[in-house]
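This report covers chain contacts, strand pairing, helix packing and backbone geometry. The sequence and structure come first.

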Amino acid sequence: MESVGYYILGVIVTIIVAFMVGMTYMGLSRKITARVQNRKGPPFYQNFIDAFKLASKETAIHHGFMHHAGPAFLMVASIMSVLIIPVLNDGKWFPNLNFDGDLIFLLYIMVFGPLGMALGAGQTGNPNSAIGVTRGLSQMVGFEIPWVMALVALMMQYQTTSLVDLMAVQQTTGWLMFSSPFAFLAAVLAMLGMFRYSPFDIVGAPTELASGPVSENGGKYLFTMMSSGSIFAFAKLTLYVDLFMGGADNLIELLIKTFTIYLIPMLYGMVSPRYRTEQAIRYFWGWPLFFGFLALVHAMVF
Amino acid sequence: MINDKNSQKIADFIKNWARKHSIWVLAYGTGCGAIEIPPTMTSRYDAERLGVRGAATPRQADVLLITGYLTTKTLKRVIRVYEQMQDPKYVIGFGSCTINGGMYYDSYNTIKVLDKYLPVDVYINGCMPRPEAVLAGFGKLQQLIAEGKANGAQKYKDDHEYYRGNLRKIIGNKYEMPLYNW
Amino acid sequence: MKEIKADLISKIKASFDNVTEKDYDGNRLDFHVETRIIPQILTYLKVNLGYIHLSHISCVDWLEDGEFEIVYIVWSPEDKLKVFIKTRIDRETGVLPNIDMIWRQANTYERELKEMFGIEVDGLVAADEFLLEDWEGLPPMRRDFDTEAYADETFWHRPGREDAMDVREAIIERSREEIPDFAKKYSR
Amino acid sequence: METILTIFIIFIAGATGTYFLGKLSGILRSVIFITTLLVTSWLFFTAVSPDVIIEFEIMGILMSWGLTPLAYVFAIIVFGLAIIIGIYAIKAMEGQRSLNFFFANFLLSVMAMFGILISNDLISFFIFWEIMSWSSYFMVVLNHKDVQRSGITYIIFCVIGAYAMMMAIMIIYSYSGSVMIGDFISNFHAFSLGMKWLLPILLLIGFASKAALMPLHVWAPGAYSNSPMSYTALFSGALSKMGVYGMVIVMIMIVQQIPDGYWIKEVIAWLGGITSAIGTLWAIKQDDAKRMLAYSSVAQLGYIIVGVAIGTPLAMMSGLFLAVMHGIFKSTLFMVVGAIERQTGTSNFTEVTGLIRKMPWTFLAALMSIIALAGIPPLGGFIGKWMLYESLMGSNHYLLIIVIFFSSTAAFLYCYKFLFGFFLGQEEKEWSHVKEAPAMMVVPMIIMAILTFVLGVFPGLILKPINDGMQFLGYVSTDNRFWEMSTIFNDWGNQVVMEPIVYTIFAIFLFFLIFLTLKGYKNTRYVTTKDISSSGEIPREDENLTFITGFMQPFFRAVAPVMKRQIDKYYTSFGKGLEALFDFTRRIYTGNGQTYALYFVIFVILLLMFRDSLF
Amino acid sequence: MREKATTLYIGPQHPGITGNMMVRLKIEGDTIVKATTEVGYLHRAFEKLQEKRNWLQSFTLMCRFCVPETDPMEELYARAVETIEGREVPERAKYIRVMVLELARLASFMLWYGGQNGSLGLYTMGQWSVGDRNYILDLFEELTGGRVYHMYIWPGGVRRDLPKGFEQKVLKTMDYLEKRLDDYDDLMFDNAIFKKRTKGVGIVDKETAIEHGVVGPVLRGCGIRSDIRIDDPYEVYDKLDFIVPTQEGADIWARALVRRQEARQSIRIIRQVIDMMPGGPVYNKIPNPQKWTLPKGDAYVRVESVRGEVGLYAASDGGLNPRRIHVRGAAYVHAITLLEDVLVGENIADVSAIMNSLGTCPPEIER
């Protein structure tokens, strides 16, 4: 961190990398889904075209200030998460707002965006949006509990709330995935909900709610949300890698690890119908919660 | 430095290229043509490889696919949906019945000529058009977009009175058709 | 089948007056009845004789007689017999009894009769509109409604429809065009 | 003359003046009311220091008044809220009945709270406590509606608490012969073991009933929603904190002296956790904003009590910080509801929708307070939540942290419901006449909203006095971490610096807001909420397109097998017990709370007069 | 005063709707308190147009009645005309008709597989089954020249004989599809989430079914063994050996199981028909269509489609044109009164699944 200029440049590069990787992953997910479904599928860069097209839409409508600003809230959450989560182990190449990656702060900043977006969706006055938001919030209560249990277990076990410290621990002890297996299981099962792939795509379920909260967003608004989504996806994947897979030393390693993680919700989603809201919540309060408890017990005992 | 016209041209080219390869079709099966849309979208014909993909609500959609005849009751909804779509937007008339009424030429409840009510960019004829024909229709639309000729939205804006007048003629004054977008 | 039919005819005739029957080949039997006993005879068929399935309600416009013929078709899964209950009502003043308390789906049929033929159904509870929206004028399924004239008056027709010239021209024009690349590539 | 006494005299004079002169003219009443508050606040903030102690004797009992550093923190809440809510109340109460009584009572409440905070002896503490209870009770029954349920429930719980407290005071006095709090604390080790357990529990019952700790929270929804919103803001924001104040003293000063007193702390902490979870669940279910906020208050006080009960330095600090924050954002929210009720005539979510463009400033205040309530950075609520989690982790409360996290995540549901129900959704014709609340109501709300923001960026502003108070309680401040302006630390040495975070958040937000605004500025249009993509149909006029009835039904369906049966059972049995209690009290007394309060006072005075012959 | 319940429109422009129709839902929470079906978006006035056409011209309109499954409509019309006229149909034509009808049923089942799973968010299934459906449509294309509208079964027989080697192609396709149906089972019926989503949802019990005149798989799904092919056999169904499956559950799951077995039964029937197919002519020639009149009379014929009984009432006044053609669609019963009753108390998440399960097909309702 020699200078402010270097710092800002690094931040921008981090965001751009996150955007590109997230978009590419989503494109690859479409491609892989297509292959499973017996078809050729769009090119992997299709999402970039879609995003660019959305950005180049000529007109847009909004239903008021909150609806107008909703995607900006979402962007705050995604970019803040990217900036807080250390991308690589040494942190030289991708500098970020280094508060040691405080996990509690991260937990809360990650819900900042969805809530802002929910307010935007609320202002549209579209019942589909409101229903989608209530579903999303309910589901969030569902998967946050096992997710927090996993995190608390880790934090307690290693007496730190800092992601950087946890990554440093893994340099000596090996991947937390193996030393805290229950926390990993709980966190991965919670991740299924976090990524909102099937069977947890209840928020924007097209056949039920006609795409839910985003049903009034088009053009630049949808573009911002799409970009934010891809950045957020990258942030979440990096978080998992940092937490459980020992972080990454270089970009290639990071890509391999994140994509491996990303395959889990994607492949599960391809062959699953969608849960109803209460079923989704109950799912998270079943096995994931049990693993969460085991993780806590594990943390207490060791 | 950079010629304004040239940069405009390049920007237009890139924009049109993106629009051409990302066509989001509104999920609205207005008529019996809707039966050939699933095959077009699914594994054998797979329109997604051309960037064609469904959109759930009009705010996100680029293309309004009029799959066949429009009854007067549907016409009102179609026009409302069309007006809620964002520019640039395109209309594909699908099937013979959108062109000249097809076999419903003497029906009291279907319109015969779609382009009196909506600015149609591409017609796909046949009853019913095969998925290949639908793909060809999308190909034609892509071609028009690339050439910058698919400007139906502008036409609709310019001739709004004309289109609205034609609509009024059918639905009379009883039905409240709010002037939302214009 | 013959015995079943004979049994049915005797039972119906014993319970209702002014019933004339007409026998057909196969599993079909017609009864011509008065309009007012329609609910009773249908209830009787459903409750006492096992004709539990209302298959169809149709209406034929006999313009020259000035009457509508309403046909109720019921079916018994045990007898394997289709029974047609036919009745005639006046085109202008006729009122049909409501039978949707016997079979719920009759409600839909009656809504359609009301809208398409303008037949009043006594005691029908349903929304005003069924298939048409803001329809004014003659109910369209009446035979004196001229759909072609209405269409000509209301809608545009693309010129050239008479001999389909435009389509032919389009086909010729189309055949001169280059086949698009992707069509070459992907069409089977 | 001593400043403290001056403040009291001004309060009493102000209350009397408000009541009697207010009958002459409304303006005079407002002037007296606001002058009283302004003068006393000014005196408090400028002239009162925590050192001065005055002692005097009434009826042979030594009274000792003085402001401890701990009480100073609470006094800040009381006076800060009182002045802001006072300004708000003048406009908000316009045109309502018995205003003289309201404003006089308001002043009495503030005075009583101040009295509680300065009392160093148990007798005056108790007297002020009772004054506070009565005055708040009169506010609950001010509207003369639902007196039977809300009013009687409230006074019964007041009395339960007061009896428990009084019993404790009697015991203390009869054992040690002194009513000084300081004496009691220093002599506590001399009590027998049974007394050592009984006294704190009695006192805790007394305080917990005011802080609405489960199972003593039953009165809260009715009382909060039944009093005028201008008072509920004070009620929930400041008055309930008096219970917390008492609990802090008991938990830290007394419980620590009990051998195995650890268990009391654990039980109270768990009660606090469960209170927060159940309060949250009930809050989500409410369709009326007042009741929702009431249950939300119960839940939030649960967090505070958890922090206080855990008692590690960080936990205590988080508890006190949350107390301050809760005072700010909850009173803002009650003020918002008051404003909405004033402008629309209802506080029910299912009736009001789409006010955002009619009442933008109110919305802003509500938004900021809700973000603070939800604990989302960068506003002040986050600091408290952060410290609470860190302290729970530092003290190894594995499961409690999950309970707290559950309730604070579930709190998002009612937070969203509050904003959505009032401000978002369809803009209906029915409410097209609604105007923004008058400036005198909006400005206090906005000031409070800004406060939540300022405290979020610079928590040190309030952490400094809290730290002083904690030193008074016996916490040794080892490093300077407690009064760093913008940084918060946990027990393990991790830290969060708020300032750069806040700046980054605002930078990103503004960047994208500008991007969204400027990109295609000319072609971006505002459209009404009637022009939604409702599947191509045009909605009919009489159709309700706002989704608010049964808002979180799927969530409740999911929690039903886990929670619902137990809650129901608990509540029905508790309700039955409560009704039996009602009947019992009604048989003894006339059923009128005011009469009963009089009996009670006489009883207390008699006891005090004949104390020598009794013990 | 506004209503307490929220209004939610499912359709006409909605990804979850089964066609161009609308269900107006009143919801409280996510529970439906009232549902109203609104139709008429597809009303083309076929029956009016047919009165203006002659008997053969009317036939071309027939297959457009219900798009997902066009052949039963042609069969209905052909049989109605034959019944009124008393025209004989050659034996081979009957077998070909059964084959075509069963192929159409199978194609429709494949579409249902896609629709039912798409409504629950399992899009992979839709991609598979709708893609495989193309193989059946290929057969149709070879046989009739059209993928969707065949106009093959017409009064007096079928339009032309089977092409050379067609039977083998059909059998090969059947082998392939049978294999694929097992894959579908793995994806769909072995799926715990699918089971959770469909069990106990959209219940149509026996009483409701009889009260509403429910037909087809919905009726069989509540335990009543009823099938037009057995009860009121037409063509050569009485000579064929097949099972009519029933289930007791009366919910979406039960109906899905019924359809799953029926799809296999269709394959079985097709194999039998090809096995038993006699030689001979396929077409009993009709007179000059411009002068073709039918005797005065009426007929009501029924066919078992995928959604259940489809009937057609035809009346002739002895003239060149039909006096009245009136189609009774299965969806006519299912999509309006039944759907309105079934949806009450259900979750909004299940609306689309219930509609798919009941077989609501709007073009058949509105005609």
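Chain D contains 22 helices and five strands, where helices (H or I, at least four residues) and strands (E, at least two) are DSSP runs numbered from the N terminus. The model is predicted: local features need pLDDT of at least 70 and side-chain atom pairs count only at pLDDT 80 or more, while totals for chains, interfaces and linings use all residues. Residues are numbered from 1 along each chain as its sequence is written, and chains are lettered from A and ligands numbered from 1 in the order in which they are written.

Of the 615 residues in chain D, 58% are buried. A residue is buried if 20 or more other C-beta atoms lie within 10 Å of its own, exposed if 12 or fewer, and partly exposed in between, with C-beta atoms placed from the backbone. Two residues are in contact if their C-beta atoms, placed from the backbone, lie within 7 Å. Among the contacts in chain D with a separation of 6 or more, 79% are between residues 24 or more positions apart.

Within chain D, helix H10 (residues 229-254) and helix H12 (residues 289-310) have axes that come within 10 Å and cross at roughly 25 degrees. Axes are lines fitted to C-alpha atoms, for helices over the stretch in contact, and angles run from 0 to 180 degrees between N-to-C directions. H10(D) and H12(D) are therefore roughly parallel to each other; angles under 35 degrees count as roughly parallel, over 145 as roughly antiparallel, 65 to 115 as roughly perpendicular and the rest as oblique. Residues of H10(D) in this contact include Ser236(D), Val244(D) and Met251(D), and those of H12(D) include Ser297(D), Ile304(D) and Val308(D). The contact of H10(D) with H12(D) comprises nine nonpolar residues, three polar and no charged. Here Ala, Val, Leu, Ile, Met, Phe, Trp, Tyr, Cys and Pro count as nonpolar, Asp, Glu, Lys and Arg as charged, and the others, Gly among them, as polar.

Eight pairs of chains are in contact, and chains A and D share the most contacts. Chain D contributes 61 residues and chain A 68 residues. On the side of chain D that touches chain A, H16(D) gives the largest share, 12 residues. That side of chain D has 39 nonpolar residues, 16 polar and six charged. Strand E1 (residues 60-62) of chain A runs parallel to E5(D), joined by three bridges; two strands pair if DSSP finds at least two bridges between them. Ile61(A) lies opposite Arg525(D). By contrast, no contact joins chain C to chain A, and their closest C-alpha atoms are 12 Å apart.

In chain E, strands E2 (residues 22-28) and E3 (residues 31-38) run antiparallel and are joined by seven bridges. Glu28(E) has Thr31(E) as its bridge partner. Two residues separate E2(E) and E3(E) in this hairpin, and Gly29(E) in the turn has a positive phi of about 65 degrees.

Most residues other than glycine have a negative phi, and most peptide bonds are trans. The table lists exceptions.

| Site | Feature | Value |
|---|---|---|
| Asp87(B) to Pro88(B) | cis peptide bond | omega near -10 degrees |
| Cys127(B) to Met128(B) | cis peptide bond | omega about -5 degrees |
| Asn396(D) | positive phi | near 60 degrees |
| Ala45(E) | positive phi | about 65 degrees |

Asn396(D) is in the loop between H15 and H16 of chain D and counts as exposed, with 11 C-beta neighbours inside 10 Å. Ala45(E) is buried, with 25 other C-beta atoms within 10 Å.
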